Amino acid sequence: MELKTFIETVLSRHGCLVEDADSGGLQVLFPQRIQEILAVSEMDTLSLPAGGVKAPSLVHRGRDFIETLEPLVLPSGLFSSAAFPQMRYDVRDPESHLAAHLTIQNGIFRLTGTEKRTCSYLIVHYRMIATADTRVERLATTVINEQTQTVPEGLAGHIEPLLDRAQKGDLEQPAADLSLSLQRSGQQASASCRRIFQDFIRNLDKRLERDLKRLQEYYQALAGEIEKRLQKKGDNPEEQRRALSQLEATKTDYFKKIQDAKEKYALEITIEPVCALRIVLMVDILEVAIQRRKNSRRVELPLNPVTRRLESLLCTKCHEAVLNFSLSDDLQVQCPACFSTRPAMTAS
Ligand SMILES: [Zn+2]
């Protein structure tokens with residue numbers, strides 16, 4: 001999932017004809033109504049930022065195109081924002097709170113300060129579809145703190161029932177790069193796929209294994225028959241030649257059947273954003289120095305006023321949200337699974 005899909009989804013829902021452009025961007029045919037709202041011509045090509053660690057905003061004809069999409073997405077609820085200035089959580093003893101909830105397996109940490117700040121959170125709901133010989137559909141939600149890139153686990157579930165109590169405009173929305181947040185949110189969604197479709201994938205693997213085993217048994221028996229015949233009439237050169245060519249054909253057929261089975265169970269997962277919501281909150285941020293050996297760096301860990309929990313950091317390898325992790329040599333956060341599979345060269 002990426003920015004391109006998001007824009008395609010928004011525009012298509014409003015009757016625009018969207019096609020891939022040769023340049024890798026999108027060629028769009030805008031209906032009259034949308035031309036007026038967005039102040040664009042009938043046919044336009046959007047050049048999209050190339051994928052990379054930090055995607056810039058999508059600037060189109062000198063304007064941020066995401067911002068100009070707002071009139072399209074706001075009324076339909078596809079993208080909306082809400083502020084909750086009344087939500088506060090003043091933790092009395094941040095140091096003990098930190099000690100109780102943060103664990104660094106191979107390092108230490110210490111609180112260096114706290115700061116109250118406004119943070120915006122991007123909540124994105126995704127539809128995920130896994131297709132092989134059968135198809136399943138799931139919904140998934142990601143949340144990211146757009147200023148600290150931390151993840152407040154469970155925020156979406158807590159906040160959505162409270163949406164009618166939101167106070168628009170009472171908290172000034174901090175600067176945030178929506179396209180970058182969407183990219184991060186997409187990474188999180190992709191990371192959760194394997195977990196979400198765990199049973200589906202396991203079942204697929206099991207059936208593939210079963211089919212491959214049956215094929216193997218069937219073709220082994222077939223080859224066995226031919227060899228038996230060959231042994232009986234081994235002195236007849238004509239029979240010998242025929243048996244050998246039969247064996248060869250059986251082998252080719254076997255490999256083709258294996259390929260067919262693999263194709264039958266080949267998994268394809270598509271992730272499509274359904275709607276996005278931006279929440280603005282006043283947050284206590286714990287400034288924490290994390291250290292491994294002699295190296296240290298600073299991270300910001302917000303105490304989320306809605307979930308009343310520390311927000312998690314993201315594993316730099318698999319994008320899993322963690323508060324119990326290890327540090328790599330260059331002080332990157334790694335979840336236990338990624339850290340244990342790192343190359344032995346850096347082991348310590
Ligand atoms: Zn990881």
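1. Arginine 165 counts as exposed, because 11 C-beta neighbours lie inside 10 Å and the cut-off for exposed is 12 or fewer. This is a reading of a predicted model. Arginine 165 sits in the loop between helix H6 (155-159) and helix H7 (178-196). Its C-alpha atom is 9.1 Å from the C-alpha atom of alanine 82, although 83 residues separate the two along the chain.

2. Next, a sheet. Three strands form an open sheet in the order E1-E2-E3, and their pairing is antiparallel. Strand E1 (17-20) and strand E3 (43-46) are at the edges with a single partner strand each, so one side of each has no neighbour in the sheet. From one strand to the next, the twist averages 20 degrees. In general, strands of a sheet pair through backbone hydrogen bonds, in a parallel or an antiparallel way.

3. Within this sheet, strand E2 (residues 26-29) is joined to E3 by 4 bridges, and the two run antiparallel.

4. Which strand pairs with strand E10 (residues 268-292) over 9 bridges? The partner is strand E11 (residues 295-304), in the antiparallel sense. Here glutamate 287 is placed opposite glutamate 300 of E11. E10 and E11 make a hairpin with 2 residues between the strands, and in this hairpin arginine 293 has a positive phi near 50 degrees.

5. E11 also pairs with strand E12 (residues 309-310), again in the antiparallel sense, over 2 bridges. Leucine 303 is found opposite leucine 310 of E12. This hairpin has 4 residues between E11 and E12, and arginine 308 in its turn takes a positive phi of about 55 degrees.

6. As background, nonpolar side chains tend to be buried together in soluble globular proteins.

7. Which residues does valine 322 contact, leaving aside its neighbours within four places in sequence? They are Ser312, Leu313, Cys315, Val333 and Cys335.

Methods:
Residues numbered from 1 in each chain as written. Predicted model: local features only at pLDDT ≥ 70, side-chain atom pairs only at ≥ 80, totals over all residues. Buried ≥ 20, exposed ≤ 12 C-beta atoms within 10 Å, placed from the backbone. Pairing = 2+ DSSP bridges. Axes fitted to C-alpha atoms, helices over the stretch in contact; angles between N-to-C directions. Contact = placed C-beta atoms within 7 Å.
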